[in-house]
Amino acid sequence: MCGILAVLGCSDDSQAKRVRVLELSRRLKHRGPDWSGLYQRGGCYLAHQRLAIIDPASGDQPLYNEDKTVVVTVNGEIYNHDALRKLLANHKFRTGSDCDVIAHLYEEYGESFVGMLDGMFSLVLLDARDNSFLVARDAIGITSLYIGWGLDGSVWISSELKGLHDECEHFETFPPGHIYSSKTGELKRWYNPPWFSEVVPSTPYDPLVLRRAFENAVIKRLMSDVPFGVLLSGGLDSSLVASVTSRYMAETKAAKHWGAQLHSFCVGLEGSPDLKAAKEVADYLGTVHHEFHFTVQDGIDAIEDAIYHIETYDVTTIRASTPMFLMSRKIKSLGVKMVISGEGSDEIFGGYLYFHKAPNKEELHRETCHKLKALHQYDCLRANKSTSAWGLEARIPFLDKEFLDVAMNIDPEWKMIKPEEGRIEKWILRRAFDDVEHPYLPKHILYRQKEQFSDGVGYSWIDGLKTHAAKHVNDKMMLNAQHIFPHNTPTSKEAYYYRMIFERFFPQNSAVLTVPGGASVACSTATAVKWDASWSKNLDPSGRAAIGVHNSAYEKQHLANGNLAPKIIDGVTNSGPELTIRG
C-alpha cells in the first residue's frame, strides 16, 4: 500500500504551504517507506508515499502522461495493466508500474476509464489543461480514502484521517465505488453490479464455476516484483487462499527471483485454535510457515498504536486489528512486502455464525449485500491499515469484481445453513473445493467451523481486553456515557475505553462520524439482531455471542492444551469430519 495526499484548489501556493503539505504527507510515510514525491501546480498539490511492489526501480509517483499535462497519484494495484497497455498502443509509458496506465486511459476514455480498472485503488488525477481533477476509489473500498473541505474552498484527499483532520473544516470517508469530479462538484457511483440493488438472484449453483472464479481471483493477485506470502489462520478462507496460491506459485515472476516455496504467516496466543489449525494446513501444503506468538499484555500495550493507525473505535475491528498489527510488523521484518488474505468470504457467503438464524433466503441475501456495502468500514479498513502501518500490502481475492459477479449472483437458497442436510456456513464454497482426486485441503479443515479472527487468536485475548478496560472505565463513567459521547454512545466499558483513545488522537466531530455504530451480535448488522430474540440481551461482536450456534468445543479447558476435537452437541454432526453444530 502507498499513501496519497492531495490538496486541490488551495488559495495558497507559497513555499510555506508546500512545506506544510510535505509535513502532512510524512504522516503517511508508514504506508510507503520506499520513496516520496510531490507535484505542485499553483494551489494544487499531489503528494505520494510509495511502497514499491511493481517495478520498484522506476515506478515512483506522481505519474504523468507524455507531456505531463495529466498527473496522477495512486494507492493500489491494477491487475489488468498489461491488457490495458495493449489498448494504448499509441501511448508512451515512462515506467513499468501497473498504475502508469491511468493517465493515458483518462486521455482516451475520460472519466469512464475507472470502470476499466481491475484492482484495488484510490487515486487523484489532475488535468493541468483546465485545472480540473477527479478522485476515485475501488469498488468495495479495499484501499482507505477520505475527503475533506477547507475554509478557503480547497478539497483535500488522504489515504488516512491523519493526513487531513487538522486542516479541514469538515471531512468524511470517501465512498467506495464512486468518482468525485471537480467539474460537477458531485460524487457519482461508477460501480453498479446487479447485486447492489439487492434483488434476489436465481442462478443455479455450479461448484466448478465458483471454484474457477476464485482461482482466477487469486492468480491475478500473484503479480509482484518483490517477495510475498499468505496470511494463514487455519480457517476455511485463508486456507483456500494459501492452497490456491501454492498451486500457482511456481509460475510467478516472484518465484523465479525469490524461490517457489510459499511463505505463510499466523499469529495467536499460545494454544489458540488458529495456531494449531494453521500449522496443520501449512504442513499439508508444504509452505515455509512462520508462527508468531503474542501475550494478552503485548496486545494491550499495542492498543493505542493500533487505534492511531486503524483510525476507528469500533470494538470488533480493534479486537481483530491489534493481533494483525503485531503480526504485520514481524512479517515486514522478514523482508516480505505483500501478503494475500482471506477477508470478504463471510460477507459474500453468509459465513458468520449468526447466519444460522437467517429466516429465509431473501433476508440472507439482503444481509450479505448490506455487509458487503459496509465492508470498507470494518474488515477492509482493518486489513488495509493494520498491514500498511508497517509498509506491508494486503491483497483480497474474495473481493475481486469478477468473483463477486459470480458469487453474488448464485441463488441464495444455496447459502442457507441447513445442519439437518449437512450444510454448514459457507457450504457452497466448501463444496466447490471438496476435490477427492486432487484435494485442496484436509477434510476437517475444509469443514472447520467459522472462527472470527479476534476469537481464533485465543479467547483469553477478548476476555483480557474487557478486564483491562474495566480498570480504566468505572460505573460512574458509564452512567454519563450518553452525555460525553452522544453519537454512537459506548454500551460497554471496552467500547468506552477505545472511544477515549480515539478522540484523543482525532478530536473532531467529523472523525467520530467516520466510524459506524449500531447493535450487533457476532458481527451482524442491527437488522439481523432481530433474527433471534435472545441475541438482543447478548450484544457482543464476538462469534461466541451467537448463542445456540457457536461450537462449545472451543471451551477454555480445550484451549489449554490446544485440543481442537469438538464434542457432539445434541447428537447433531456435520459433513465436516471434526465439526459439530448446535441447531
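Where is Arg-26 found? Arg-26 sits in helix H1, residues 15-26. Helices here (H or I, at least four residues) and strands (E, at least two) are DSSP runs, numbered from the N terminus.

Before I go on, a word on what we have. This is a predicted model, so to speak of local features we need pLDDT of at least 70, and side-chain atom pairs count only at pLDDT 80 or more, while totals for chains, interfaces and linings use all residues. Residues are numbered from 1 along each chain as its sequence is written, and side-chain values use heavy atoms, with hydrogens and water left out.

Back to Arg-26. With a relative accessibility of 45%, Arg-26 counts as partly exposed. Buried means under 20% relative accessible area, exposed means over 50%, and partly exposed is in between, using a 1.4 Å probe and protein chains only. Ser-36 is 10 residues from Arg-26 in sequence, and their C-alpha atoms are 8.6 Å apart in space.

Now the whole chain. The chain has 22 helices and 17 strands. It runs to 583 residues, and 62% of them count as buried. The accessible surface is about 21300 Å², with 51% of that belonging to carbon and sulfur atoms; these areas come from the Shrake-Rupley method with a 1.4 Å probe, and for residues only the protein chains shown count as cover. Then there are the contacts, meaning heavy atoms within 4.5 Å. Taking contacts between residues at least 6 apart in sequence, 70% join residues at least 24 apart.

Asp-166 and Pro-507 are 341 residues apart in sequence, yet 9.5 Å apart in space, C-alpha to C-alpha. Leaving aside neighbours within four places in sequence, Asp-166 is in contact with Arg-20, Arg-27 and Gln-508. Asp-166 is partly exposed, at 41% relative accessibility.

On to helix packing. Two packed helices are described by the angle between their axes and the distance between the axes. The axes are lines fitted to C-alpha atoms, for helices over the stretch in contact, and the angles run from 0 to 180 degrees between N-to-C directions.

Helix H8 (residues 296-310) shows up in two of these pairs. Its packing with helix H17 (residues 459-472) has an angle of about 55°, with the axes 10 Å apart. That makes H8 oblique to H17. For the labels, under 35 degrees is roughly parallel, over 145 roughly antiparallel, 65 to 115 roughly perpendicular, and the rest oblique. H8 passes H17 in a right-handed crossing; a crossing is right-handed if the near helix is turned clockwise from the far one by less than a right angle, and left-handed if anticlockwise. On the H8 side the contact is made by Val-296, Gly-299, Ile-300 and Ile-303, and on the H17 side by Ser-460, Trp-461, Gly-464, Leu-465 and His-468. Those residues divide into five nonpolar, four polar and no charged. Here Ala, Val, Leu, Ile, Met, Phe, Trp, Tyr, Cys and Pro count as nonpolar, Asp, Glu, Lys and Arg as charged, and the others, Gly among them, as polar.

What angle do H8 and helix H9 (residues 315-333) pack at? The angle is about 100°, and the axes are 9 Å apart. That makes H8 roughly perpendicular to H9. Among the residues making the contact are Ala-302, Ile-307 and His-309 of H8, with Ile-318, Phe-325 and Leu-326 of H9. By class, the contact of H8 with H9 has eight nonpolar, five polar and two charged residues.

One more pair: helix H4 (residues 207-220) and helix H5 (residues 236-248) pack at about 70°, with axes 10 Å apart. That makes H4 roughly perpendicular to H5. H4 passes H5 in a right-handed crossing.

Which peptide bond is cis? The one from Gln-61 to Pro-62, with omega near 5°. Pro-62 lies in the loop between strand E3 (44-50) and strand E4 (63-64). Asp-55 lies in the loop between E3 and E4, and has a positive phi of about 50° although it is not a glycine. Asp-55 is buried, at 14% relative accessible area. Lys-426, also not a glycine, has a positive phi of about 60°. Lys-426 is in the loop between helix H13 (401-407) and helix H14 (427-432), and counts as buried at 3% relative accessibility.
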